[in-house]
Amino acid sequence: MASIVRVTRSSSSLFAFGTRFYSTSAGISHASPSPSPPFLHGGGIRRDVAKDRNVQWVFLGCPGVGKGTYASRLSSLLGVPHIATGDLVREELASSGPLSQQLSEIVNQGKLVSDEIIVDLLSKRLEAGESKGESGFILDGFPRTMRQAEILGDVTDIDLVVNLKLPEEVLVEKCIGRRTCNQCGKGFNIAHINLKGENGKPGISMDPLLPPPNCMTKLITRADDTEEVVKARLRIYNETSQPLEDYYRSKGKLMEFDLPGGIPESWPRLLEALRLDDYEEKQSAVA
Ligand SMILES: Nc1ncnc2c1ncn2[C@@H]1O[C@H](COP(=O)(O)OP(=O)(O)O)[C@@H](O)[C@H]1O
């Protein structure tokens, strides 16, 4: 069973991931901050030769920004698991286990789940993945607090933190427009975004991502994607994200990325920023 190990450090005690995750990470040396980010050395991005392991990336960004969309695409491209703590919370909710009542109250108010619960869920997910031979990860929605970031930093070495950004007006519309097919699990968005540029800021437009006809009748909306709850989540995100961004920036690991539009415009630009543009071409040539 996954364990949360309490590590006592001077006066403060930290939660830490299970022992198997510790052992996975034990041999990994910590990259030192450098002006030229260590993750962007051409050619070796999937398997970091220096560390002999797959990428360990984190996606930060407001609710609705598209962390799940881009993290999932990169996970398929790089062959590493995409682990979204929001999905872990929703799975726990759906399981009607002992935590589900408590979690549903927290999530439906747009509040954050406790660090202890979220670390436990993530720890179990990583252990299960490791036993299946998974290596590397793209984390989406974790860490959300400084405490989570410290715990993560204690047990493993994060190579890169991608901070996705969109104007606030767009985020509410995008969250409210989100839909998931309850049969195939794919995500869609019915929002038409057309934000005019002003005060030197570029406009932004995004076409809806509509489901195919066979998903159309099976679409569900997340219970926490109502306007009121989305606004609460955005407020909480804005209150908690600054220290996290500063923390990773000071380590030379933060890559800021302003999304220029929807997936067709943003995906190639993101690959370029990650120096993965020719990687995608090579992968499709091999396939
Ligand atoms: N790292 C985390 N720490 C605390 N709570 C979390 C974390 N990740 C997810 N949650 C909980 O799960 C909910 C859904 O998460 P997520 O799908 O990431 O939503 P969002 O679109 O708000 O980023 C959050 O509102 C929060 O209650």
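By class, the shell around the ligand is made up of eight nonpolar, five polar and four charged residues. Here Ala, Val, Leu, Ile, Met, Phe, Trp, Tyr, Cys and Pro count as nonpolar, Asp, Glu, Lys and Arg as charged, and the others, Gly among them, as polar. In total, 17 residues surround the ligand, and the closest are Pro63, Thr85, Gly86, Gly141 and Arg144. A residue is near a molecule or strand if its C-beta atom, placed from the backbone, lies within 6 Å of it. Helix H3 and helix H4 (100–108) each supply at least two residues of this shell, and the largest share, three residues, comes from H3.

The structure is a predicted model, in which local features need pLDDT of at least 70 and side-chain atom pairs count only at pLDDT 80 or more, while totals for chains, interfaces and linings use all residues. Residues are numbered from 1 along each chain as its sequence is written.

As for the chain as a whole, its secondary structure comes to 11 helices and 14 strands. Helices (H or I, at least four residues) and strands (E, at least two) are DSSP runs, numbered from the N terminus. Of the 287 residues of the chain, 31% count as buried. A residue is called buried if 20 or more other C-beta atoms lie within 10 Å of its own, exposed if 12 or fewer, and partly exposed in between, with C-beta atoms placed from the backbone. Among the contacts in the chain with a separation of 6 or more, 73% are accounted for by residues 24 or more positions apart.

The sheets come next. Strands of a sheet pair through backbone hydrogen bonds, either parallel or antiparallel. In this description, two strands pair if DSSP finds at least two bridges between them. Five strands form an open sheet in the order E6-E7-E5-E8-E14, with parallel pairing. Its edge strands are strand E6 (82–84) and E14, each of which pairs on one side only. From one strand to the next, the twist averages 20 degrees.

Within this sheet, strand E5 (residues 56–60) is mostly covered, as five of its five residues are buried. In a regular strand the side chains alternate between the two faces of the sheet. In E5, Gln56, Val58 and Leu60 point one way and Trp57 and Phe59 the other way, and all are buried. E5 and strand E7 (residues 137–140) pair in the parallel sense over four bridges; Val58 stands opposite Leu139 in E7, and Phe59 stands opposite Asp140 in E7. E5 also pairs with E8 in the parallel sense, again over four bridges. There, the bridge partner of Phe59 in E8 is Val162, and Leu60 stands opposite Asn163.

Strand E8 (residues 160–165) has five of its six residues buried, so it is largely enclosed by the rest of the structure. E8 and strand E14 (residues 254–258) pair in the parallel sense over five bridges, and Lys165 has Asp258 in E14 as its bridge partner.

A further open sheet holds three strands in the order E10-E9-E13, and the pairing is antiparallel. Strand E10 (187–189) and strand E13 (219–220) are its edge strands, each pairing on one side only. Strand E9 (residues 178–181) and E10 pair in the antiparallel sense over three bridges, with Gly187 in E10 as the bridge partner of Thr180.

Two packed helices are described by the angle between their axes and the distance between the axes. The axes of helix H3 (residues 85–94) and helix H5 (residues 115–131) come within 10 Å and cross at roughly 95 degrees. The axes are lines fitted to C-alpha atoms, for helices over the stretch in contact, and angles run from 0 to 180 degrees between N-to-C directions. Thr85, Leu88, Val89 and Glu92 in H3 meet Ile118, Leu121, Leu122 and Arg125 in H5. By class, this contact has five nonpolar, one polar and two charged residues.

Helix H5 also contains Glu127, which is partly exposed, with 19 other C-beta atoms within 10 Å. Glu127 and Pro212 are 85 residues apart in sequence and 35 Å apart in space, C-alpha to C-alpha.

Note on methods:
Two residues are in contact if their C-beta atoms, placed from the backbone, lie within 7 Å.
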